[in-house]
Amino acid sequence: MVLRGYVPTSEETLQTLAALRLQSLNSDFSTHAPFPRLEELFPPHVLHARLPPPPHRPPTKCRGARLRAGLLAGGLWGQALAKQRAERDQRLRGRLREEGASTMAAIVEKWKLLQGMGRPEAMAAYVALVREWPGFGSTLFDVDLHAVRPRLGMMQGQPWQWATLTPLSLQSPVGSGPQRLWLGIGAKAVSLYKPGEPEPLDSFCYSRISSFGASDSSTFRLSVEDRDLLFETSQVNEIAQLLNTYLASAGAQQLPWAQEPPTSPPASEPTVLPQGVCPVAGPWQHQPPVGSSHS
């Protein structure tokens with residue numbers, strides 16, 4: 001989970017976690033101790049994030065310009081561009097090696113400070129650091145939030161109806177398009193995170209979730225009180241199975257998640273879950289971690 005970037009924390013903490021891992025594997029620092037590769041200790045994406053972004057090339061606007069660009073690319077100009085790209089890639093690889101060496105040196109210095117710490121202590125300290133993240137214990141899924149679809153008529157006591165599909169993300173203007181998020185499913189709540197952010201955008205206790213479903217193998221719907229959230233993900237079945245597992249372990253009735261058209265109204269009244277499934281129906285409250293941390 002840490003190496004895949006699913007524990008949002010500072011680089012300093014990530015280096016400390018790597019040092020604790022070395023202490024648990026090799027005991028005290030020694031020049032003769034085997035060194036794992038850096039990517040086995042430290043999230044590679046952190047190093048890549050330090051590299052400068054590729055230069056932006058504005059798209060050619062007309063067919064004639066694209067044709068001229070294609071002709072140039074096949075001649076001397078194309079060869080020059082290929083040489084520039086090769087030189088830039090070489091510079092980036094060199095920069096990445098430098099960043100990696102610097103990070104490994106910082107990890108080793110922290111490892112030296114752990115002299116005398118036993119393997120159980122190192123493992124306990126590692127877990128304690130990871131558990132500081134409020135999302136610890138949840139299973140995280142990469143999802144694209146495509147739309148939030150409000151349900152009309154609830155306040156007037158009218159029957160449930162589907163509103164017009166609106167491409168509205170949680171904190172983005174209408175029309176902003178899909179939003180890449182982490183969907184965290186835990187024993188107490190379902191939470192939505194911006195990747196890399198420690199605090200959730202929103203968190204839903206199971207007592208607030210009326211149903212969930214799938215319109216196809218890659219579209220997942222989560223109905224929360226007065227709105228439906230539509231996600232695109234390759235892990236629809238895994239998400240549904242995990243939700244039902246947590247509901248069953250809490251003694252609640254499993255929610256239906258049959259394949260259904262995304263625009264069809266619900267066939268029956270939403271299932272009402274026991275209020276004890278989640279003690280607080282509101283923003284995320286820091287709970288004692290439950291279960292193992294995995295992704």
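## Secondary structure

The protein has 6 helices and 8 strands. This is a predicted model. Along the sequence, the order of elements is α-α-α-α-α-β-β-β-β-β-β-β-β-α.

## Burial, surface and contacts

The protein has 295 residues, and 38% of them are buried. Its accessible surface is about 16,700 Å². Carbon and sulfur atoms account for 56% of that surface.

## Glu 99 in helix α4

Helix α4 covers residues 76–112, and Glu 99 lies in this helix. The relative accessibility of Glu 99 is 16%. Buried means under 20%, so Glu 99 counts as buried.

Which residues does Glu 99 touch, neighbours within four places in sequence aside? Glu 99 is in contact with Leu 47 and Arg 50.

## Pro 134 in the α5–β1 loop

Helix α5 spans 119–130 and strand β1 spans 139–152. Pro 134 sits in the loop between α5 and β1. Pro 134 has a relative accessible area of 13%. That value is under the 20% cut-off, so Pro 134 is buried, although it is a loop residue.

Pro 134 and Glu 199 are 65 residues apart along the chain. In the model, 7.3 Å separates the C-alpha atoms of Pro 134 and Glu 199.

How values were computed
Residues are numbered from 1 along each chain as its sequence is written. This is a predicted model: local features need pLDDT of at least 70, side-chain atom pairs count only at pLDDT 80 or more; totals for chains, interfaces and linings use all residues. Side-chain values use heavy atoms; hydrogens and water are left out. Helices (H or I, at least four residues) and strands (E, at least two) are DSSP runs, numbered from the N terminus. Buried means under 20% relative accessible area, exposed over 50%, partly exposed in between (1.4 Å probe, protein chains only). Accessible areas come from the Shrake-Rupley method with a 1.4 Å probe; for residues, only the protein chains shown count as cover. Contact means heavy atoms within 4.5 Å.
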